[in-house]
Amino acid sequence: MKTIVRFAVNNPVTVWMITLAVGLLGFISLSRLSIDLFPDISAPRLFIEVKAGERSPEEMETRFVDNIETIAVQQKGVLSVTTDVLAGAAVVTVEYDYGNDMDAAFLDLQKAIAPIEQSGADEVNITRFDPNSLPVVEAAFVSETPRSMAELRRVAEKQIVNRLVRIKGIAEVKLSGDQCQQIIVAANPQLLEVNSLTPSSITGAIEAYNRNVSGGYIEEAGQQYIIKGTGVFAKPNDLLNLVVGYRTVAAGANNAAQQGAPLPILLSEVAEVHIGLSDAENIVTINGKQCIGVSIYKETGYNTVKAVETLDREFKNIEQRLQGFRLVRVTNQGSVISGAIRELRDSALLGIILAVVVLFVFLRRVGITLVVSFAIPVSIIATFNLMYFSGLTINIMTLGGLALGAGMLIDNAIVAVENIFRHMRQGIPVREAVVEGIGDVGGALTASTITTIIVFLPVVFLYGASGELFKEQALTVAFSLVSSLLVAIVLIPVIIQQFFNSSGKKLRMKEAKPIELKGYDMWLLKVLKHRNLVLAVSLALIVVSGWLFTYTGSEFMPSSQSSELTLKTKLPAGTSLERTASVTENISRTIADITGEQSAIIYTKSGPASVDKAGETGGNNTASIKIVFADAAHSNAAQLNSQLEHLYSSVHGLEIEYYRTETGLAAILGTAGAPVEVQVTGSDIEQLTRLTAEIKSRLLGVEGLTTTFASFEEGAPEVSVKIDRYRAGLYNVSVATVMEQVSRFLQGSNAGSMEMNGEMIDIKLKMPDVTLAQLRSLVIVSETNRYLLTELADITEGAAPAIISHVNQNRTGKIEGYPAGNRPFSQLVASIESQLAHISLPAGYQIRVAGEELKRKESFGSLAFALVLSVILVYMVMASQFESLVHPFTILLSIPLAGVGVVLLFFVTGSNFNIMALIGVIMLAGIAVNNSILLVDAANRNRRKGMTRGQAIATAGQQRIRPILMTSATTILALLPLTFGFGESASLRAPMAMAVIGGLVSSTLLTLIVIPCLYDLLDRLHKS
């Protein structure tokens, strides 16, 4: 260590040039670091979406889902397979182990399920999960004057989509709520039957005569003429004169020549043609006005803030160019990220200022305070270099790591400067004082830095999303601490030598004397006489804190405060999209009345959600309502949901759920859904329906739980057309023929397209709405024969399950709920489990609490393992430094002493313990031992100088009390601003900061009393 210091003081110019180079590269690295809300985490999840007409959930299950699940579970590295089966659709979520090559997994799964599409499915799509694939901006395109939705869509596609997709960093722009113009051929079923026509013959005729055909070419007189047959329709009225069939003139006609001759049937005789709108897939409104939703996605890895800044400029240009239209931003990830980063930066700066003030209070010298404070900016700038070359980004985790480490960045400098000036006060020249001072504490500084860094090693290797999430934070803290150690042992000696006395003469202390904490050594000698009592009291404190911990609530992730709130509504299965939109609009008006001016935007989307981005799904009976509040403090989800439940309790089948604003983090960790989820697995749908109903009724009595929903509730009304194979076989009518004609009769069919106003317009054959009685009298045509549908099939009415869920190939009923009030989540789960214990289950059926509770147990288990491993690694480092197996046990007592402060702080404040707090405790395992290392290292040095045990301990305490108090105070005050603030980043960082602050307070105070007593006891036992 002394060799390094001597090199530094002998080559100050070299040291300064290296420092300037690090600073220059640091600023360049900072300018090129990407900015995002969370680290770039690829959750190992694939989604398989299956679409197959209007098949019932049970048919989808047996025909497609069972086969897909069997294939999926056989893939390499698959952990679980969950499925939601709806009418005509299914979404299979395949979750892989972390560390899998997801590119290879995607290709393997795609190849394995390729035969499924050939077995009758309309579509089979596989998509990858990407937490950054949520829209960076979600906007509403609305017209200030009444316009048709088709015109609004046309403007949006040409003037918005085409411009935005050309912006650098923008990958895709999607529209929702849009409708296209269509040429609608409204057929009359009675006239079709009279003229022996079918929907298939109408669409066939339209497609046959609506085309251009190449006819070759003619060459004449050296000139070549291309022959082109033109037959496409030019305008909708051209369809009216289309011949769609023939009728035979009956005997007795006026013209005898025409008797028995076929006459053409024009389309105008059996149908009406007009221009209309296509059926809406979903309906979108903003503040009560129908609009088109615009979802903008960025390229993976591109800087979100830069992308959004470019979008903001383009939005202004679009609004200036499109008079009479508005493009209203609903959500904006860029502003969320900028706000979180800005708030975290301000908190870190405030913490640094408080730490510097503490330094000045202790040292009472401007020069020395500036020297020590210089370690902070140099260490941070050096950290930016390491972040850039390690491929990290600036996000709330890495910036939080810098903020958490800000107070620790000057710890090494404080101890180094303190020891250097202690030698100076003894009359040693500056150069020698610098070398000797760093030489005395260099080993202890290195050991304490390594112990702080090494506790993050298990975090880096943690399994699952929590490990991926905290990896970048751990690396950032490690980078900053390594930088601070190098600054303390290389740069600080050069500054002190040049700033205070470059000539090597003795330093004259003319400034105000620093605070001296005299008398601690004498007091410590008295304490050592009662060491057994001190150790007994400390042991009692540890036991009491362990007992209090059982009364401290716990949760998976801290609940976030956000200016956005999402409500999801669900009506009975089978509800039409128009009815859903009407109810949703009614609810949005009620929300506007309740919230008043507190809500700036109320954005609704009725209809199925997309499954290609976040694995969501739904139907025409579902809708979402996004409320953007003017202030995050007013976004009280539970209170608003309670008021809506009270107002709409009389609406049959209406369910209203509130969701925290979905972010990449919630999607990664799997917490975007309901916090409370109870799963019951079995095989029989009737038994599952009964059990889910019983569980739901029991959960209604649990204190602190509200708005419970069961998956097996009233299903969609269903009409079953069961083909009688015997009768159909007698008449030589296939099942495909029957169902194709039923489908065309009920839904209509596409009949090609034609060009209008520069764009292709679809031609759609539509039949009028049909009653059940009309369905029974439907005529099925096979060749020249005609049969009633009831002659070929049995028609029955019933109800299909609205949704069937699978978990690892087992049918699963789900009961979801939301906490209400401030009851700790762990206590709420305990009450739920006590209620479930009284339910009698048939053989083969199981109940478990899933959702956030499952994630909480998994994460707490892995983090607890990381904590134990961290303690073991810290012991190994200290044993290597002290060449002793005994003294490291003395130092390790600092960790349970730190735990006392953590538990007391969380218990007194009523805060819940979560994985963020547990990460803080793991950090404490490396931080809390630093003071003990300084104390034990000094005591060992004094023993080697020949002092008695008691005198060595007392002298070491007097030598180290000031740097111990200074380093602890600066770290605590630097972290204090992180415990306050609003927004999602505040909720994430506050538990970590609280854990470190509580642990440091107790470990520092108790270390100064308990560690000397334990050192005395263990040293006596070791010598004896």
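Among contacts in the chain between residues at least 6 apart in sequence, what percentage join residues at least 24 apart? The figure is 80%. Keep in mind as you look around that this is a predicted model. The chain has 1024 residues, of which 54% count as buried, and its secondary structure comes to 36 helices and 30 strands.

- Four strands form an open sheet in the order 12-7-24-23, and their pairing is mixed.
- At the edges lie strand 12 (271-277) and strand 23 (749-756), each of which pairs on one side only.
- From one strand to the next, the twist averages 25 degrees.
- Strand 23 runs antiparallel to strand 24 (residues 759-766), and six bridges join the two.

**Nonpolar cores**

- The largest nonpolar core is made of 146 residues, and Ile396 and Ile496 have the most contacts inside it.
- Helix 18 (residues 465-500) gives the most to this core, supplying 16 residues.
- There is also a second, separate core of 39 residues, with Val185, Leu267, Leu775 and Ile795 among them.

**Helix 30 against helix 33**

- Two packed helices are described by the angle between their axes and the distance between the axes.
- For helix 30 (residues 852-882) and helix 33 (residues 915-927), the axes come within 9 Å and cross at roughly 5 degrees.
- Angles under 35 degrees count as roughly parallel, and helix 30 and helix 33 are therefore roughly parallel to each other.
- On the helix 30 side, the contact is made by Ser859, Phe860, Leu863, Ala864, Ala866, Leu867, Ser870 and Val874.
- Helix 33 contributes Ile915, Leu918, Ile919, Val921, Ile922 and Ala925 to the contact.
- By type, the residues of this contact between helix 30 and helix 33 are 12 nonpolar and two polar, with no charged ones.

**A closer look at Ser826**

- You will find Ser826 in helix 29, which spans residues 825-836.
- Ser826 has a relative accessible area of 18%, and because buried means under 20%, this serine counts as buried.
- Leaving aside residues up to four places away in sequence, Ser826 touches Gly553, Ser554 and Arg856.

Notes: Residues numbered from 1 in each chain as written. Predicted model: local features only at pLDDT ≥ 70, side-chain atom pairs only at ≥ 80, totals over all residues. Heavy atoms only, no water. Pairing = 2+ DSSP bridges. Axes fitted to C-alpha atoms, helices over the stretch in contact; angles between N-to-C directions. Core = buried A, V, L, I, M, F, W, Y, C linked by side-chain atoms within 4.5 Å. Buried < 20%, exposed > 50% of the residue type's maximum accessible area, 1.4 Å probe, protein only. Parallel < 35°, antiparallel > 145°, perpendicular 65-115°, else oblique. Contact = heavy atoms within 4.5 Å. Nonpolar A, V, L, I, M, F, W, Y, C, P; charged D, E, K, R; others polar.
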